[in-house]
Amino acid sequence: MKKKIVFFLLISGLSFSQQKNLTIKDLSPKSEDTVFPVILYAENPRVENKINTFLQVDQLEYIPGSAGNPFKLVSTGTTSYFNYIYFYNWEKLETPKDILSIALDGEASGAYPEGFSIWKNFDLRTGNVINAEDLFLPGSAKIVENIIQKQVQKRIDDFLTELKADKNLSEESQEQISIYENCFVDHTLGYIEFYFGKDKLTFVAGRCSNHAMRALDDLGSHVVEIPYKNLEKYWSPYAKNLLSGSEKIGRTSFSNKLYKGTIDGKYPVTVLINHINEDNSFSASYWYDKNKKLISWSGKLVHDHFSMTENDYHSEELKRWIPRAIIEADAKGNKIIGTWQDYRTKKYLKLELEEL
């Protein structure tokens, strides 16, 4: 009990003041459809650079420092999502001192216009994205997922009870009942939005309806708030250090991390590894620092070994993608070492990367 008291006193005493030297401004050119955050953190320029690089590459598919308008791809529907994407607002949330949580609101316009809210969380000691999976002990992640799933299911069940209490169900109510009775509730940590608050972690699970049925979905997204004190026995060492203000970092997953290095020892590159899925598949983006043009990799990570493909073009004749290169590499501490092999010439070039 004494250790618990000390831990939460540390959180209260060290962690709940906002970061005095971190500010956020709007990325230029700002308009009513392009309100996007830029981090200013003079105390740690490396962290500032990592956060801004991640946000702009991840959300805008734009590399900071490259030519042109950062919003060109999202505003013309020419990103990999093939949607027009607008950003209307951002907000810096109140968090423990070593954490930056930013909420972004916008709209994606494809077959159906779709408003969205997303949250991005960063470790201000390193500039890395905070992945939900890294916050909990390996054996405890399922327990936390079950807590979330049960709360979502209870919210749905309570609303179903309310709907079914009407003895003269309208056609609309019957359609609503069908939506909620068939709702997906098996949310896992890797596929759920979350953000930090002063004394609680908030998870936001996706709604029950699809695009076409959204107008009938009165519940919308499912918000699950869990106080930090209720999660203490599930925290990983990384989470405990992060929340208590400790400088100890420890190893975290490869998801959403930036790496810098070279191909063939002479071509500087930067790599962003995206979220690694439960089946170990993932995608990555990289660019040569000289020309700053995004190139995609896709592959699998198994036992710290990366197997990836860089596609060249799609053959209409063969009905498949033709590779540009095959990448095989191993994680060694904070480095990734391997080869980039030209698919046509079969020539091997050395790949050397180190976590930024």
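Modeller: A residue is called buried here when its relative accessible area is under 20%, exposed when that area is over 50%, and partly exposed in between, with a 1.4 Å probe and protein chains only. The model is predicted, so to speak of local features a pLDDT of at least 70 is needed, side-chain atom pairs count only at pLDDT 80 or more, and totals for chains, interfaces and linings use all residues. Residues are numbered from 1 along each chain as its sequence is written, and side-chain values use heavy atoms, with hydrogens and water left out.

I begin with the pairing of charges. A salt bridge is taken as a side-chain nitrogen of Lys or Arg within 4 Å of a carboxyl oxygen of Asp or Glu, and by this rule the count is 18 salt bridges. In general, side chains of opposite charge can pair when their charged atoms come close. One of these bridges joins Lys97 to Asp98, with 3.2 Å between the closest N and O atoms. Lys97 counts as partly exposed because its relative accessible area is 27%, whereas Asp98, at 7%, is buried.

A further bridge is made by the side chains of Asp289 and Lys260, at 2.7 Å from N to O. Asp289 sits in the loop between β11 (281-288) and β12 (295-302) and Lys260 in strand β9 (residues 257-263), so this pair ties together parts that are 29 residues apart in sequence. Helices (H or I, at least four residues) and strands (E, at least two) are DSSP runs numbered from the N terminus. Asp289 is buried, because its relative accessibility is 18%, while Lys260 is partly exposed at 37%.

Asp342 and Arg324 form another salt bridge, in which the closest N and O atoms are 2.7 Å apart. Here Asp342 belongs to strand β15 (residues 335-342) and Arg324 to strand β14 (residues 320-332), so the bridge ties together parts that are 18 residues apart in sequence. Asp342 has a relative accessible area of 11% and is therefore buried, whereas Arg324, with 24%, counts as partly exposed.

The covalent link comes next. A disulfide is a covalent bond between the sulfur atoms of two cysteines, and it is assigned to a pair of cysteine sulfur atoms within 2.5 Å. By this rule the count is one disulfide, formed by Cys183 and Cys208 with 2.2 Å between their sulfur atoms. The link of Cys183 and Cys208 is left-handed, with -85° about the S-S bond. It links distant parts of the chain, since Cys183 is placed in the loop between α5 and β6 (193-196) and Cys208 in the loop between β7 (200-205) and β8 (222-227), 25 residues apart. Cys183 is buried, because its relative accessible area is 13%, and Cys208 counts as buried at 16%.

The backbone has some features of its own. As a rule, most residues other than glycine have a negative phi, and most peptide bonds are trans. Against that background, the peptide bond from Ser28 to Pro29 is cis, with omega near 0°, and Pro29 is found in the loop between β1 (22-26) and β2 (37-41). Glu61, although not a glycine, has a positive phi of about 55°; Glu61 is located in the loop between α2 (45-60) and α3 (72-75) and is buried, because its relative accessible area is 19%. Asp264, also a residue other than glycine, has a positive phi near 65°. Asp264 has its place in the loop between β9 and β10 (267-273), and its relative accessible area of 30% means that it is partly exposed.

Finally, there is a contrast between sequence and space at Ser246, which is found in the loop between α7 (237-244) and β9. Ser246 counts as buried because its relative accessibility is 19%. Ser246 and Arg125 are 121 residues apart in sequence, and in space they are 9.5 Å apart, C-alpha to C-alpha.
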